[in-house]
Amino acid sequence: MKYANILSAILGLVLAAISIQWIFNPQSAADSLGMLYLEGDGRNTQIRDFTAFFMGTSIMCFLSLVTKQYQWILCAGIIFFIAALFNVISSFIHDAPIVYSALISEILFTMIAVSATLIYKSKNYK
């Protein structure tokens, strides 16, 4: 079985589901992340940025799945690693609370992406 393909597909589907929620029910998506659903320009920014974040990383996962190129899912992993890093850094620099549920998801998504990357890169992968 092609474990890298399975990991890419699972991560891509999860991220696609989150992006679809931001497209069709942004109030619920914001609530699920413990955020206020903003007004005016802030709402536009909130919806477009979160949709882009989740849809973009989902597309990267599916590109790895289709092309069998590790670079795409590695890019998604880098984005989630940076999100996890700044989840923690913002606590120290800006006195923001660490959002542990998001941190766990970010670490898990990073681990899935890096695992798929290593499998795609392995010489035994066909």
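Modeller: Rings of Phe, Tyr and Trp (its six-membered ring) pair if their centres lie within 6.5 Å; planes under 30 degrees apart count as stacked, over 60 as edge-to-face and the rest as tilted. This is a predicted model, where local features need pLDDT of at least 70 and side-chain atom pairs count only at pLDDT 80 or more, while totals for chains, interfaces and linings use all residues. Residues are numbered from 1 along each chain as its sequence is written, and side-chain values use heavy atoms, with hydrogens and water left out.

Colleague: Which residues do ring pairs link into a cluster?

Modeller: The structure holds six aromatic pairs. Ring pairs join these residues into a cluster: Trp-22, Phe-50, Phe-53, Phe-54, Phe-80 and Phe-109.

Colleague: Why is the pair of Trp-22 and Phe-50 stacked?

Modeller: The ring centres of Trp-22 and Phe-50 are 4.8 Å apart. Their planes stand at 15°, so the pair is stacked.

Colleague: How many residues apart are Trp-22 and Phe-50?

Modeller: Helices are DSSP runs (H or I, at least four residues), numbered from the N terminus. Trp-22 sits in helix 1 (residues 3-24) and Phe-50 in helix 3 (residues 40-67). The pair links distant parts of the chain, 28 residues apart.

Colleague: Is Phe-54 buried or exposed?

Modeller: Buried means under 20% relative accessible area, exposed over 50%, partly exposed in between (1.4 Å probe, protein chains only). Phe-54 has a relative accessible area of 7%. Therefore Phe-54 is buried.

Key:
Helix = DSSP H or I, 4+ residues; strand = E, 2+ residues; numbered from the N terminus.
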